[in-house]
Amino acid sequence: MELTPQIKDKLDKLQEKYAAMGQDMSAYLDGLLYADFLTYWDYIHLDTLLSLQHPKTSFPDEEIFIMYHQITELYFKLCLHEFNQIAAAKETLTVTFFTDRVKRINAYFTALVSSFEVMVNGMEKEQFLKFRMSLLPASGFQSGQYRMIEICATDFIRLVEKDKREQLKDASIEEQFENIYWKAGATELATGKQTLTLKQFIHKYAAQFLQLVKDRKESNFSALYHQLKDQGQDVSALADELRKLDLFVNVEWPLSHYKSAVRYLERDPVDIAATGGTNWQKYLPPRFQKRIFYPFLWTEEQIEEWGKGWVINVLKDLRG
């Protein structure tokens, strides 16, 4: 192959790069010469990925259940990847960069919400109600990445139980964490005590959550939005994307789970308990928690009606 000026230029730049690091470029070229060509399956560790499903029972649909949750967690990781990029750019953040990254997150949640039909109608109810009992006390409630998304998205006070937000708005982060909304969703229905599911979850993640709250105090999406707005920048497109994110995380995603819970767990006159004892009837419907990341982007009427229509439509669809 002819050493064109373009190739020589690249070699000169490589030489400069390695020389700046005190490295011998020719040694790296030897490594390139002897290295095998990369394959798709090695690059994404496909064999490992496909070996990560280990059902606890012999019911075929349990493998669907496992794979779907693994896919969900990968999407959450994609979301957090974007959250981290935005937070890291705080000092030089532009509206365009912020908006484009939130669009990516919304694309991930679009896929998540649309794919949840797999959980609603993609398994036989009889199989699910049997294999789920082998999963106790594990629960999808224990998704640490989802809680991290919430923390990165808004001021932490917005995640406190709605009846205590005003009272605790000036409290310490630790006290606010003690009253975070999702703890009420994993208490024993009969006694009000914390379930084992919640105790496990707090033990594993509490310190990590608290550190993330502190790290994102000035770089959560709500804080960054106000930073750009206060600079006089046009944040109208960003506001549109943040409203979409608010609906995805706080309305559409929990209601997808609500639809699944009604499909599998509702039984007259007594509802079937969720794995881990989570109180799904009160925990999942958005109208109970009024969890809203960006109340300053919604009208009073929209806030008052938050999630109500969705629940009614879900129940109509499922009950005919």
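How do helix 5 and helix 9 run relative to each other, roughly parallel or roughly antiparallel?

**Entry 1: ground rules.** I am working on a predicted model, where local features need pLDDT of at least 70, side-chain atom pairs count only at pLDDT 80 or more, and totals for chains, interfaces and linings use all residues. I number residues from 1 along each chain as its sequence is written, and side-chain values use heavy atoms, with hydrogens and water left out.

**Entry 2: overview.** I find 18 helices and zero strands in the protein. Helices (H or I, at least four residues) and strands (E, at least two) are DSSP runs, numbered from the N terminus. The protein has 320 residues, and 42% of them count as buried. I use buried for under 20% relative accessible area, exposed for over 50% and partly exposed in between (1.4 Å probe, protein chains only). I also looked at contacts between residues at least 6 apart in sequence: 72% of these join residues at least 24 apart. Contact means heavy atoms within 4.5 Å.

**Entry 3: helix 5 with helix 9.** Two packed helices are described by the angle between their axes and the distance between the axes. I looked up helix 5 (residues 61-88) and helix 9 (residues 144-153): their axes come within 9 Å and cross at roughly 25°. Axes are lines fitted to C-alpha atoms, for helices over the stretch in contact, and angles run from 0 to 180 degrees between N-to-C directions. Helix 5 and helix 9 are therefore roughly parallel. Angles under 35 degrees count as roughly parallel, over 145 as roughly antiparallel, 65 to 115 as roughly perpendicular and the rest as oblique. From helix 5, the contact takes E73, F76, K77, C79, L80 and F83; from helix 9, Q145, Y146, M148, I149, C152 and A153. By class I get nine nonpolar, one polar and two charged residues. Ala, Val, Leu, Ile, Met, Phe, Trp, Tyr, Cys and Pro count as nonpolar, Asp, Glu, Lys and Arg as charged, and the others, Gly among them, as polar.

**Entry 4: helix 5 with helix 6.** Here I read an angle of about 170°, with the axes 9 Å apart. That makes helix 5 roughly antiparallel to helix 6. Among the residues in contact are Y68, F76 and F83 of helix 5 and F98, V102 and F109 of helix 6. The classes are 15 nonpolar, three polar and three charged.

**Entry 5: aromatic pairs.** I list 26 in the structure. Rings of Phe, Tyr and Trp (its six-membered ring) pair if their centres lie within 6.5 Å; planes under 30 degrees apart count as stacked, over 60 as edge-to-face and the rest as tilted. F76 and F109 have ring centres 6.3 Å apart and planes at 40°, so I log the pair as tilted. F76 sits in helix 5 and F109 in helix 6 (residues 95-115), 33 residues apart. F76 is buried at 2% relative accessible area, and F109 is buried at 0%. For F98 and F221, the centres are 5.0 Å apart and the planes at 70°, so this pair is edge-to-face. It links helix 6 to helix 13 (residues 221-230) across 123 residues. Ring pairs also join Y68, F76, F109, F116, Y146, F248 and W253 into a cluster.

Entry 6: Most residues other than glycine have a negative phi, and most peptide bonds are trans. I noted a cis bond from L136 to P137, with omega near 0°. P137 lies in the loop between helix 8 (125-131) and helix 9. H45 is not a glycine, yet has a positive phi of about 50°. I place H45 in the loop between helix 3 (40-43) and helix 4 (46-49). H45 is exposed, at 53% relative accessible area.
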